[in-house]
Amino acid sequence: MAADAIELRTQTLGQQFLKAGKEGFWQKLQGELRLDEKLIGWAMGHETLRVQLFRAIDALPSLTSKAEIARHLREYLADAAQAVPGMASLLNFGTDDPRSPQATLAATTFETAVKTLARRYICGANLEEALKTVENLRRDRYGFTVDLLGEAVVSETEARRYLERYLELMNALATRAQGWGPVPIVDGGPRLQVSVKLSAFYSRFDPLAPDTTRARVGEPVRVLLREAARLGCAVHFDMEQAAYEELTLMLLQEILQEPEFRDRDDVGITLQGYLRRSEQDLRGVLAWAQERGTPLTVRLVKGAYWDTETIEAYQRGWEQPVYNEKSHTDGNYETLIQLLLENHRYLYAAIGSHNARSIAKAIALAEQYQVPPRAFEVQALYGMGQKFLKPVVEMGHRVRVYCPYGELIPGMAYLIRRLLENTANTSFLRQSDLNEASLAQLLAAPPTPA
């Protein structure tokens, strides 16, 4: 398939996916919505309000009374809300007294809406809810990977408990799976899978102390991998801030090169397309996988820490580690997709994206390189893109849904990142009027960054 034919196939598939995703939440924005849906709608339409709204949500877990919530609502939102029809009255900004009945009602309304919103992206508050979610996904012919929410651990006791909870999770999945019927499109890859963050295994995960960090993190990773092998559960390692990337890759490559783990093909790592060094990193992983002799999965994502990376680099006077333009990230992502699929004998591809063009391009390239089903899948975040990706399932490709679960407080940072992604000006999920012009814009080939 020549380059022109691949592009034509990409355009055809992209239009199909976008039209399938048009139905649903974004059409409802014109109708009657719950308050949590209105919050997203307001954030989509007003940039200043969007920033203030997410600040208020981020602060919510630390607020201990309705009066504190009401006071923060006024401080963060009152001015911006005046420009938004219906918002000021709905959140009761008519009083300055945070203890008044109106303020208490506003605080209760807001808190309830945020918790409802969190459940859009968090698959359960506890393990039992998460298990029910993944069973529902299997009934719809989606695979899953389960992640235990938590942005950081602050003690070794917490780190040990993190490992214990993952062992509990894998055992619970294995037990429930005994009663599952076959789902061929899903079971062609790992039937059970969990996703973990290395920094949660050690409270002082530090790239400036690599030897100590590798020693402290290595043992719980080995324990996790041994139990996963016993239970038949795949393990995927997430990527975090750019500062952790080099140490994360080094540590995982060292462990997976050990004789005990060298033949494991049910392990995966993550690379982020918004990093300028990501192609270099993927080529390094490819060379290592060829030497290792056993394939592993690479999950390609765009990246979820853009604001953090940009601000920190600016404050410290560092060179930006990320691309500043979304189009450059998209172009780099397509370069990584092609490199990954060209080398499907050594690296299994997990294309983690909610961008119609990126997914369409991946499928077009997978067809070109005749990538076997075991070596290719598409991944989506829970609450984002399941309807949009239904045509991918219908085509016979495996779609795996990333399912975080846990309480709201440790999940708040995750929730904010999802909201930022869902309401960004460049998010294709915002498009409710898919005319020919908007289709062409969404599916245009991105530039290849220099």
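Q: Is the crossing of helix 15 and helix 16 left-handed or right-handed?
A: A crossing is left-handed if the near helix is turned anticlockwise from the far one by less than a right angle, and right-handed if clockwise. Here, helix 15 passes helix 16 in a right-handed crossing. This is a predicted model, in which local features need pLDDT of at least 70 and side-chain atom pairs count only at pLDDT 80 or more, while totals for chains, interfaces and linings use all residues. Residues are numbered from 1 along each chain as its sequence is written, and side-chain values use heavy atoms, leaving out hydrogens and water.

Q: At what angle do these two helices pack, and how far apart are their axes?
A: Axes are lines fitted to C-alpha atoms (for helices, over the stretch in contact), and angles run from 0 to 180 degrees between N-to-C directions. Helix 15 (residues 326–342) and helix 16 (residues 356–368) have axes 10 Å apart and an angle of about 25 degrees. That makes the two roughly parallel (under 35 degrees; over 145 is roughly antiparallel, 65 to 115 roughly perpendicular, the rest oblique). Helices (H or I, at least four residues) and strands (E, at least two) are DSSP runs, numbered from the N terminus.

Q: Which residues make the contact between helix 15 and helix 16?
A: Contact means heavy atoms within 4.5 Å. Helix 15 brings Y333, E334, I337, Q338 and L341, and helix 16 brings R357, S358, K361, A362, L365 and A366. Sorted by class, six are nonpolar, two polar and three charged (Ala, Val, Leu, Ile, Met, Phe, Trp, Tyr, Cys and Pro count as nonpolar, Asp, Glu, Lys and Arg as charged, and the others, Gly among them, as polar).

Q: How do helix 5 and helix 7 pack?
A: Helix 5 (residues 66–81) meets helix 7 (residues 101–121) at about 85 degrees, and their axes are 8 Å apart. The pair is therefore roughly perpendicular. On the helix 5 side, K66, I69, A70, L73 and L77 take part, facing a helix 7 set that includes A103, F110 and E111.

Q: What do the strands form?
A: Strands of a sheet pair through backbone hydrogen bonds, either parallel or antiparallel. In this model, eight strands run 1-2-3-4-5-6-7-8 in a closed barrel with parallel pairing. From one strand to the next, the twist averages 30 degrees.

Q: Which strands pair with strand 1?
A: Two strands pair if DSSP finds at least two bridges between them. Strand 8 (residues 399–405) is joined to strand 1 by six bridges, with T145 opposite Y402. Strand 2 (residues 192–196) pairs with strand 1 over two bridges, and there D147 stands opposite S195.

Q: Is strand 1 buried or exposed?
A: Buried means under 20% relative accessible area, exposed over 50%, and partly exposed in between (1.4 Å probe, protein chains only). Six of the six residues of strand 1 (residues 143–148) are buried, so this strand is largely enclosed by the rest of the structure. G143, T145 and D147 point one way, and F144, V146 and L148 the other.

Q: Where is H344, and what is it in contact with?
A: H344 sits in the loop between helix 15 and strand 6 (347–352), and is buried at 17% relative accessible area. Leaving aside neighbours within four places in sequence, H344 is in contact with Y369, Q370, V371, P372 and A375.
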